[in-house]
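Visitor: I have a model here that I would like to go through with you. Could you take me through it?

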Amino acid sequence: MKNPKNLDSYVSKEEFFKPVVEDGSDVIFIVDFQGIIKYHNRAVEENLGYKPNSLIEKNFFDFIHPDTLTSFKEAFKKSISKPFEENIEFYFLCKDSSYRYFEFNSINIWHKNRIEGLILDCRDITQRKKDAEELLKAQKAKEQFLANMSHEIRTPINGIAGLVSLMAESTDDDERKSYLSAIQKSAESLKVIINDILDLSIIESGKLKLEKIGFSLKSQLDSLNNTFIYQAKSKNISLNFNLSPEANLIIIGDPVRLNQVLINLLSNALKFTHEGKIEVSVNLEYKIKNVCYISFTVSDTGIGIQKQKLKSIFESFTQADESVTRRYGGTGLGLAITKQLVELQGGEIKVSSEEKKGSDFKFTLPYKTGTFDDLEEKKSKKPQRDYWFENYKVLLVEDNDINRLYVTKLLKKWNIDADEAENGIEAMEKISTKHYDLILMDLQMPVMDGFESTTLIRKKFRPPKSNIPIIALTANAVKADTERCFEVGMNDYISKPFRPEELLNLLVKYEKGVNSSNFPEPDKKENVTDLSYLFDSCHGDKQFVLEMIDVFVKSTPKSIIEIESLIEQKNWRDVSKEAHKIKPSISFMGLSSGIQLVKEIEASGNSGDLNIGVHISEKFMALKKIINKAIIELQDYKTELTKQG
Ligand code: ADP
């Protein structure tokens, strides 16, 4: 401290009083013990709307909200008895007649100066109060959700447990069949709940990918009609689908997600309607260039929704009121998923409803129009019921005997002979000695779990072993688990218990989709090279062509080795760069089947795709085969040309 004297004189009462008290941002009152305001600073104007000095000689209590006055008076009384008091909350009337939450810290002047008065240093806590209220609301909704959830999950589980013991005791075949079908129903309803949670977690984590395929709106609505017609009939409710002629189109988009939205809305409509009708109207709202904006409206004559609840029904875990849960069950997730799916597809959903009259849910989605040739069913064959795999090797890594038995039996049905491992260590041994096309991997296992095993497989082995598609068999369908599956390098997951078709769909997808058999194998007889472009461009200069072949034969294998090592290092960016480099020489040699693969490898390397490793490696393997064949062909050709002189 250089000059304490100067600082002392600076901290004179006036110098200090003006900036801190008079012009300070905290509201400061001085009141006597009866609450009469003797002083207030200028901050009352900004915070409460009152002019400077306008509250002097008014009673502080007259500004306190009547509902909180009694408790405030008690707190005020306590402050009088203490030299200092903190965080006393009050709800104060502002000039514009609104009330705001404040809290004060008080200094009792009596204790120091024997004058009856309190200095109240007040802070606006309205926002803090609002945040706390919001938090409380969210907590309540979550508690409500957990209560609903445990009810929704417990009911079918109890049902299954009870029915299983009844089945064990029964010897009558018909009786056992009816128990079985009831068990199946309970299991299905459990699955709906778990799938809802999964869907929401996938959507919220931003991992949901939308398809862009051609589909007909008419067939989409027809199949929805088939799904709901019996339910509607059994409730004596008429169900109508109106597709306007202008909207009877083939469109390009994600039919599964559109279906999911409509199914959610129709299931609710059916659930909450007891008489009258349900109508689905589909119209072309407008068209900009070749994008059609199609509106979908699901109207019902059901119980309707209270006005003040209309906004919140789209929030997760929210139902219109608690009686809904008691009467209709449900988890309050359906509309949250619906809203997010609509928004992901570029649309918006709105609801209008009147209690006891019914509800209208309307959303509009943009679609490009397609033609008959775009229809997906025309392009791809759906997996047949009795699928037959040829030479497809699967490794099943699962510690639970029953689950192993179930999966191997299913696989056998489709001609897949599966090897079994009970944990990650056993799996590693099997993979190192044998070839597998796909691995089904349980997550929770003793010795080495599915996450660790996958990490090791991806790290320890070289391609193609390190890139075998791995599908997780998940028991707890929680977001953290599914996210981790992808993080450690798994390609997909399926939640236990699963139905045979679900597993089959995944197997078919990986057999056809990312398996190397999907890529063109160079035909043993047909040439993969075509030198006509090269000859044309050098006007038939044989010497030039020979030199070009020489360069290709010498340099391309080096590039291939380089790419292979970059793939091993998972250095996708440089893989992409190397692929880019070899593009011209591959074009010159007329490797038409190779050029497409190189382009795809180059693009994948920059794509940030989750399955990047699998996609690139499989394409690379196919490319390598083509290049090897090209080199043999070119060397033969070179010998031929040299012979001709
Ligand atoms: P759940 O149906 O599982 O409760 P949703 O998110 O699908 O969850 O719906 C949330 C709430 O919105 C329902 O609980 C219900 O109160 C209300 N609701 C939804 N659709 C309708 C409808 N068509 N008629 C009346 N109420 C509805």
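This is a predicted model: local features need pLDDT of at least 70, side-chain atom pairs count only at pLDDT 80 or more; totals for chains, interfaces and linings use all residues.

Visitor: How many helices and strands are in the protein chain?

Guide: The protein chain has 22 helices and 17 strands, where helices (H or I, at least four residues) and strands (E, at least two) are DSSP runs numbered from the N terminus.

Visitor: And what percentage of the residues count as buried?

Guide: Of the 645 residues of the protein chain, 43% count as buried, with buried meaning under 20% relative accessible area, exposed over 50% and partly exposed in between (1.4 Å probe, protein chains only). As for contacts (heavy atoms within 4.5 Å), among those between residues at least 6 apart in sequence, 64% join residues at least 24 apart.

Visitor: Let's go to H8 and H9; how do their axes run?

Guide: The axes of helix H8 (residues 217-234) and helix H9 (residues 255-271) cross at roughly 30° and come within 11 Å; the axes are lines fitted to C-alpha atoms, for helices over the stretch in contact, with angles from 0 to 180 degrees between N-to-C directions. H8 and H9 are therefore roughly parallel to each other, since angles under 35 degrees count as roughly parallel, over 145 as roughly antiparallel, 65 to 115 as roughly perpendicular and the rest as oblique.

Visitor: Which residues meet there?

Guide: From H8 the residues include Leu 217, Leu 221, Leu 224 and Phe 228, and those they meet in H9 include Leu 258, Leu 262, Ile 263 and Leu 266. By class, the residues of the contact of H8 with H9 are 11 nonpolar, 4 polar and no charged, where Ala, Val, Leu, Ile, Met, Phe, Trp, Tyr, Cys and Pro count as nonpolar, Asp, Glu, Lys and Arg as charged, and the others, Gly among them, as polar.

Visitor: Ile 263 then: buried or partly exposed?

Guide: Ile 263, in helix H9, is partly exposed, with a relative accessible area of 28%. Leaving aside residues up to four places away in sequence, Ile 263 touches Leu 224 and Phe 228, and the C-alpha atoms of Ile 263 and Leu 224, 39 residues apart along the chain, are separated by 7.5 Å.

Visitor: Changing topic, which helix does Glu 426 lie in?

Guide: Glu 426 lies in helix H14 (residues 424-433) and is partly exposed, with a relative accessible area of 29%. The C-alpha atoms of Glu 426 and Val 397 are separated by 8.4 Å, although the two are 29 residues apart along the chain.

Visitor: What does H14 do next to H15?

Guide: The axes of H14 and helix H15 (residues 450-460) come within 10 Å and cross at roughly 25°, and H14 and H15 are therefore roughly parallel to each other. The contact of H14 with H15 has 4 nonpolar, 2 polar and 1 charged residues.

Visitor: Last one: how many disulfides are there?

Guide: The count comes to 0 disulfides, a disulfide being a pair of cysteine sulfur atoms within 2.5 Å. Cys 94 is buried, with a relative accessible area of 5%, and Cys 122 is buried, with a relative accessible area of 1%.

Technical notes
Residues are numbered from 1 along each chain as its sequence is written. Side-chain values use heavy atoms; hydrogens and water are left out.
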